[in-house]
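Please look through the structure shown below.

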Amino acid sequence: MTFDRTPRSLDSLAWRIAEHGIDTANDDVLDDVRAFARSALAAGVDETLVRVLLDPEQAAIARHRAFGAVAAALASKPPRGVPSFVVAA
């Protein structure tokens with residue numbers, strides 16, 4: 001499963017995390033968080049932030065903050081194969 005890096009997808013995932021919690025038992029949300037994390041790592045987002053996001057031993061607030069930081073970093077990077085001048089236009 002891959003994560004669609006559009007602003008709509010990021011927003012949707014953020015709302016679902018807000019509704020269900022970052023430590024949810026909802027498999028759909030967890031699958032999307034994992035796909036989001038894989039996409040972030042592939043885009044070169046800081047691995048430490050992604051590890052905090054995925055670590056169930058971390059406090060929920062730390063995981064929520066890591067999600068925000070990862071989302072911001074991921075949103076600022078153009079998708080692979082797309083020149084940065086196309087994204088900036």
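Angles between axes under 35 degrees count as roughly parallel, over 145 as roughly antiparallel, 65 to 115 as roughly perpendicular and the rest as oblique. Axes are lines fitted to C-alpha atoms, for helices over the stretch in contact, and the angles run from 0 to 180 degrees between N-to-C directions. Helices (H or I, at least four residues) and strands (E, at least two) are DSSP runs, numbered from the N terminus.

The model is a predicted one, in which local features need pLDDT of at least 70 and side-chain atom pairs count only at pLDDT 80 or more, while totals for chains, interfaces and linings use all residues. Residues are numbered from 1 along each chain as its sequence is written, and side-chain values use heavy atoms, with hydrogens and water left out.

The protein chain has 5 helices and 0 strands, in the order α-α-α-α-α from the N terminus. Of its 89 residues, 30% count as buried; buried means under 20% relative accessible area, exposed over 50%, and partly exposed in between (1.4 Å probe, protein chains only). Contact means heavy atoms within 4.5 Å. Among contacts between residues at least 6 apart in sequence, 51% join residues at least 24 apart.

Helix H1 covers residues 7-20 and helix H4 residues 60-75. Their axes lie 11 Å apart at an angle of about 175°, and H1 and H4 are therefore roughly antiparallel to each other. From H1, Leu10, Leu13, Ala14 and Ile17 meet His64, Phe67, Ala71 and Ala75 of H4. The residues of this contact divide into 7 nonpolar, 1 polar and no charged. Here Ala, Val, Leu, Ile, Met, Phe, Trp, Tyr, Cys and Pro count as nonpolar, Asp, Glu, Lys and Arg as charged, and the others, Gly among them, as polar.

H1 itself has 14 residues and spans 20 Å from its first C-alpha to its last, close to the 20 Å expected at 1.5 Å a residue; the expected span is 1.5 Å times one less than the number of residues. Ser9, Leu10, Leu13 and Ile17 are the buried residues of H1. They cover an arc of only 100° around the axis, which puts them on the same side of H1; the arc is that of the directions from the helix axis to the C-beta atoms. An α-helix has 3.6 residues a turn, so residues three or four places apart point the same way. The buried residues of H1 pack against H2 and H4, whereas Pro7, Arg8, Trp15, Ala18 and Glu19 are exposed on the other side of H1. Just after H1, Gly21 has a positive phi of about 95°.

In H4, the buried residues are Arg63, Ala66, Phe67, Val70, Ala71 and Leu74. Their arc around the axis is only 135°, which puts them on the same side of H4. The buried residues of H4 pack against H1, helix H2 (27-42) and helix H3 (47-54).

H2 and H3 form a further pair, with an angle of about 170° and axes 10 Å apart. That makes H2 roughly antiparallel to H3. Val33, Arg34, Phe36, Ala37, Ala40 and Leu41 of H2 make the contact with Glu47, Val50, Leu53 and Leu54 of H3. The residues of this contact are 8 nonpolar, no polar and 2 charged.

Ala42 is also in H2. At 41% relative accessibility, Ala42 counts as partly exposed. Its C-alpha atom is separated by 9.8 Å from that of Leu74, 32 residues apart along the chain.
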